[in-house]
Amino acid sequence: MTYEPGKYPREYNPKVHGPYHPGRFYGKPDTPLAEVKLGELGSWLSRRNKSPNAIWGAIHRGYWQWASKYYHVRLPGFVPYAQVIMGLSAYYFFYLYADRKYHRHARYH
């Protein structure tokens with residue numbers, strides 16, 4: 001599957017798939033990762049498309065799946081904002097961890 005901004009995926013066929021949804025994968029279905037046995041993991045990984053366009057398409061689909069479930073609803077509440085805040089907090093923690101891992105609080109000296 002190649003991603004071109006502003007265009008539908010090549011695999012999308014409106015007569016077969018109906019209305020387009022940006023969070024759906026329109027390529028050939030494969031075994032879900034949760035159902036892959038440990039011995040088959042190497043062959044399953046080799047079947048993945050690892051091009052930058054495919055990676056961007058996966059990120060794009062993941063965002064739209066999340067947004068459809070939590071953000072683009074009638075009353076989203078605080079959940080999507082809390083998830084974004086927690087994600088940014090976790091990123092910031094790991095970003096600064098190397099500088100602060102030897103820092104000790106004055107109370108424990």
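This is a predicted model: local features need pLDDT of at least 70, side-chain atom pairs count only at pLDDT 80 or more; totals for chains, interfaces and linings use all residues.
I began with the surface: the protein has an accessible area of about 9600 Å², and carbon and sulfur atoms account for 62% of it. I took the areas from the Shrake-Rupley method with a 1.4 Å probe, and for residues only the protein chains shown count as cover.

I number residues from 1 along each chain as its sequence is written, and side-chain values use heavy atoms, with hydrogens and water left out.

**Overall layout**

I looked up the secondary structure and found 4 helices and 0 strands. Read from the N terminus, the order is α-α-α-α. Here helices (H or I, at least four residues) and strands (E, at least two) are DSSP runs, numbered from the N terminus.

How much of the protein is buried? I noted 13% of the 109 residues. My classes are buried for under 20% relative accessible area, exposed for over 50%, and partly exposed in between, with a 1.4 Å probe and protein chains only.

I then turned to contacts, meaning heavy atoms within 4.5 Å. Among those between residues at least 6 apart in sequence, 29% join residues at least 24 apart.

I searched for salt bridges (a side-chain nitrogen of Lys or Arg within 4 Å of a carboxyl oxygen of Asp or Glu) and the count came to 2.

The pair I opened to begin with was Asp30 and Arg47, whose closest N and O atoms are 3.1 Å apart. Asp30 sits in the loop between helix H1 (14-17) and helix H2 (41-46), and Arg47 in the loop between H2 and helix H3 (52-71), so I logged a link between distant parts of the chain, 17 residues apart.

Asp30 also pairs with Arg48, and there the closest N and O atoms are 2.2 Å apart. Arg48 is in the loop between H2 and H3, so this pair ties together parts 18 residues apart in sequence. Through shared partners, Asp30, Arg47 and Arg48 form one network.

**Largest pocket**

Next I checked the largest pocket, which holds about 410 Å³ of space. Of its 16 lining residues, Phe25, Arg47, Arg48, Asn49 and Arg61 are the closest to the centre. I was pleased to meet both arginines of the network again.

By class, I recorded 6 nonpolar, 3 polar and 7 charged residues in the lining. Nonpolar covers Ala, Val, Leu, Ile, Met, Phe, Trp, Tyr, Cys and Pro, charged covers Asp, Glu, Lys and Arg, and polar takes the others, Gly among them.

For the method, I used a 1 Å grid over the protein atoms alone: a pocket is an open set of points where a 1.4 Å probe fits, with protein on both sides within 12 Å along at least five of seven lines, and lining residues have an atom within 4 Å of a point. Grid points are joined across faces, edges and corners, and a volume is the space filled by probe spheres set on the points.

I finished in H3 with Trp66, which is partly exposed at 26% relative accessible area. Leaving out residues up to four places away in sequence, Trp66 touches Tyr71, Pro80, Gln83 and Val84. Its C-alpha atom is 8.5 Å from that of Gly23, 43 residues apart along the chain.

From the C-alpha atom of Gln65 to that of His21, 44 residues apart along the chain, I noted 9.3 Å.
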